[in-house]
Amino acid sequence: MRLMMRANDGSSRTIDLDTATLPLVIGRDADLAQVAIVDGQISRVHCRLLRLGDTWVVEDLSSRNGSFLNGKRITKAEMQLGDRLRVGGALFHLEDQTSGPDPLIGARIAGFAIEEPLGRGRYGAVYKGQQIALHRPVAIKVLAAEFAQDPERVKAFLTEARRAGALNHPNLVQVHDVVSAGDHYLLVMELMTGSLGDLLDQDGAMEEAGVRKILTDISAALAFAETNRLVHRDVKPDNILFGEEGTYKLADLGIAAPIADDGMAHQERIFGSPHYVAPEQARGGVIDGRADLYALGATAFHLLAGRPVFEGPTRDVIQAHLSKLPPDLKQLVPGISPGMAQLVAKLLRKNPNERPRSAGEVIKMVERLAEGKAIVRPVIRRRRRFRRR
């Protein structure tokens, strides 16, 4: 096992945890920490990584600015493969080195060159690459080798890829190609700069004006999904990407669930990410586009407050989405405008009927918010005139 580090100055470092002295202390003081980082945001001894049996645990050492695991400030928490640990301006993640170097790095598959890893998921990895014939930089999602031998998983991967490729919108990550070459299955997409999950790990909370822009762009993507009778089911910071032009785009629409003739999407299994899942989706029942609006509200809450709506073990978080009122944003973000707090609260209503009816309605609310108006037009009641006989 190894710990990969990327500092805020762009430098990187690899720590072999099989030979390192544990617990591994991370901090600013080179005399007290095995991993010393010159960063004013980092305490002299900031946090430490230790091993308990087969489990890796990261523990904050009462640091001034905190340690953040997957965007959540922690005191002590289990760290798994793929998790992101932010310490000051440095990012860490665990990587399994038992399989040796990644054999795909430097490979050329069906006219695409694979250059470097961008991230890993449950079913595969995403790489930065090049479409050789067009000299075009691209992102390449590759189905993991263990799933490439599973006909059902291959079929699902190709179905999701082709479904995403059939959808074209300025606020959706564009799919360029779907490739099957030997034992490799590739989804080739436009290359984006990063994700909101990355920004949360690096910078924490965002300014309200930036969140308004995100709400507008992603609501436009969700409105497009509605017109195509789809429910995304996994709106979250990691699935909202951005490019150099400043546009936010929603990824992974290929995993969306179709809306049936009754106007609802029927879930075969519970889907979604615990910190952003709508109550009706967590129950495993039928859902519609308003489940995506709840997830958008949970994402906006996280961006504004720098923490998820609910925190704790997965089971407790899901139960809180089902039955607990969200914290008051006005207390967590004192400078927030009343309209923004009201909009996020409306998106996070437990009852779908109390949320905005559509993504298009959210766009109108954000427009009114930007103009300094109430997010909902006031109802003008006309006085009745009574005529005395």
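Visitor: What should I know before we start?
Guide: Residues count from 1 along each chain as its sequence is written, and side-chain values use heavy atoms, leaving out hydrogens and water. Local features need pLDDT of at least 70 and side-chain atom pairs count only at pLDDT 80 or more, while totals for chains, interfaces and linings use all residues, since this is a predicted model.

Visitor: Are H4 and H6 roughly parallel or roughly antiparallel to each other?
Guide: Helices here are DSSP runs of H or I with at least four residues, strands are runs of E with at least two, and both are numbered from the N terminus. The axes of H4 (residues 208–227) and H6 (residues 289–305) come within 10 Å and cross at roughly 160°. Axes are lines fitted to C-alpha atoms over the stretch in contact, and angles run from 0 to 180 degrees between N-to-C directions. Under 35 degrees counts as roughly parallel, over 145 as roughly antiparallel, 65 to 115 as roughly perpendicular and the rest as oblique, so H4 and H6 are roughly antiparallel.

Visitor: How many nonpolar residues are there in the contact of H4 with H6?
Guide: Contact means heavy atoms within 4.5 Å. Among the residues that meet are Val 211 and Ile 214 in H4 and Leu 293 and Leu 296 in H6. Ala, Val, Leu, Ile, Met, Phe, Trp, Tyr, Cys and Pro count as nonpolar, Asp, Glu, Lys and Arg as charged, and the others, Gly among them, as polar. In this contact one residue is polar, two are charged, and the nonpolar ones number ten.

Visitor: What volume does the largest cavity have?
Guide: On a 1 Å grid over the protein atoms alone, a cavity is a set of points where a 1.4 Å probe fits but cannot get out, and lining residues have an atom within 4 Å of a point. Grid points are joined across faces, edges and corners, and a volume is the space filled by probe spheres set on the points. The lining includes Arg 233, Asp 234 and Tyr 276. Its volume is about 40 Å³.

Visitor: Which residues does the cis peptide bond join?
Guide: Look in the loop between strand S2 (12–16) and strand S3 (24–27), where Pro 23 is found. Omega is about 0° there, and the bond joins Leu 22 and Pro 23.

Visitor: Which residue has a positive phi although it is not a glycine?
Guide: Go to the loop between strand S6 (55–60) and strand S7 (67–69). The phi is about 55°, and the residue is Ser 62.

Notes:
1 Å grid on protein atoms, 1.4 Å probe; cavity = no way out; pocket = protein on both sides within 12 Å on 5 of 7 lines; lining within 4 Å.
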